[in-house]
Amino acid sequence: MHISFAVFADAANLSQEGKLNVLGIFDALHVSGFPSMHPRAHFVVRVKGSAADSGTHRLAFHWVNPRDAELWTSSGDLAVEAGPTAALEMDLPIIAVVDLPLDSSGQYTMRVELDGEPVARATVFVNGPSTGALPYSTSPVMVSEASRRAATPREASSGD
């Protein structure tokens, strides 16, 4: 078995036909203060497997703050049965609706384990109230040489 992707989203569901719908994938949040909680985030994991993966597997999520402290963990058993055609790869979408506790600014990580082995991670950068400059700027950070020359005042040439 392997994970084809793991993302945070505003919403996700499975259609009647079994299609995975994911809306509003995000990797950054802004909060007004700490501690805080981002409610009802959808953590979407797409597990892929084959008939050889039939059986029960343990899936675990670990929510870790920027200081590498685990804020919560959740795990459960994933029962996998072989599909009607053993040669085809199986798609096993997981949608976990979770509240994300946030205790400081920085990069948070959701670590995914399958049968006790780390298999994926998804990160979210959290920005909070600031007393100084924001981590981004409205002025250009990278400027091409042509832009720099155009923005530099030129001296008037004499003799023309």
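The questions and answers below go through the strands, sheets and core of a predicted model.

Residues are numbered from 1 along each chain as its sequence is written, and side-chain values use heavy atoms, with hydrogens and water left out. In this predicted model local features need pLDDT of at least 70, side-chain atom pairs count only at pLDDT 80 or more, and totals for chains, interfaces and linings use all residues.

Q: How many helices and strands does the protein have?
A: Helices (H or I, at least four residues) and strands (E, at least two) are DSSP runs, numbered from the N terminus. From the N terminus on, the elements run β-β-β-β-β-β-β-β-β-α. The count is 1 helix and 9 strands.

Q: In what order do the strands of the 4-strand open sheet lie?
A: Two strands pair if DSSP finds at least two bridges between them. The pairing in this open sheet of 4 strands is antiparallel, and the order is β2-β1-β4-β7. The edge strands, each of which pairs on one side only, are β2 (20–26) and β7.

Q: Is K48 buried or exposed?
A: Buried means under 20% relative accessible area, exposed over 50%, and partly exposed in between (1.4 Å probe, protein chains only). Contact means heavy atoms within 4.5 Å; not counting residues up to four places away in sequence, K48 touches M1, H2, S4, E89, M90 and D91. Because its relative accessible area is 11%, K48 is buried.

Q: Which are the edge strands of the 5-strand sheet?
A: This open sheet has 5 strands in the order β3-β9-β8-β5-β6, with mixed pairing. An edge strand here pairs on one side only, and the two are β3 (28–30) and β6 (70–80).

Q: How many bridges join β5 to β6?
A: In β6, the bridge partner of T56 is A79. The hairpin of β5 and β6 has 5 residues between the strands, and there D68 takes a positive phi near 70°. β5 and β6 run antiparallel, and the number of bridges joining them is 10.

Q: Which residue in β8 stands opposite F61?
A: Strand β5 (residues 55–64) pairs with strand β8 (residues 106–114) in the antiparallel sense over 6 bridges. β5 is mostly covered, with 7 of its 10 residues buried. The residue opposite F61 in β8 is V112.

Q: Which element gives the most residues to the largest nonpolar core?
A: A nonpolar core is a set of buried Ala, Val, Leu, Ile, Met, Phe, Trp, Tyr and Cys residues joined through side-chain atoms within 4.5 Å. The largest one has 30 residues, and those with the most contacts inside it are F8, F43, V45, F61, W63 and M110. The elements that give two or more residues to this core include β1 (2–14), β7 (90–102) and β9 (117–127). With 7 residues, the element that gives the most is β7.

Q: Which residues does F8 touch, not counting residues up to four places away in sequence?
A: F8 is one of the residues with the most contacts inside the largest nonpolar core. Its contacts are G24, I25, F26, H42, F43, W63, L100, M110, A122 and V124.

Q: What share of the residues of the protein counts as buried?
A: The protein exposes about 10300 Å², of which carbon and sulfur atoms supply 52%; accessible areas come from the Shrake-Rupley method with a 1.4 Å probe, and for residues only the protein chains shown count as cover. Of the 160 residues, the share that counts as buried is 30%.
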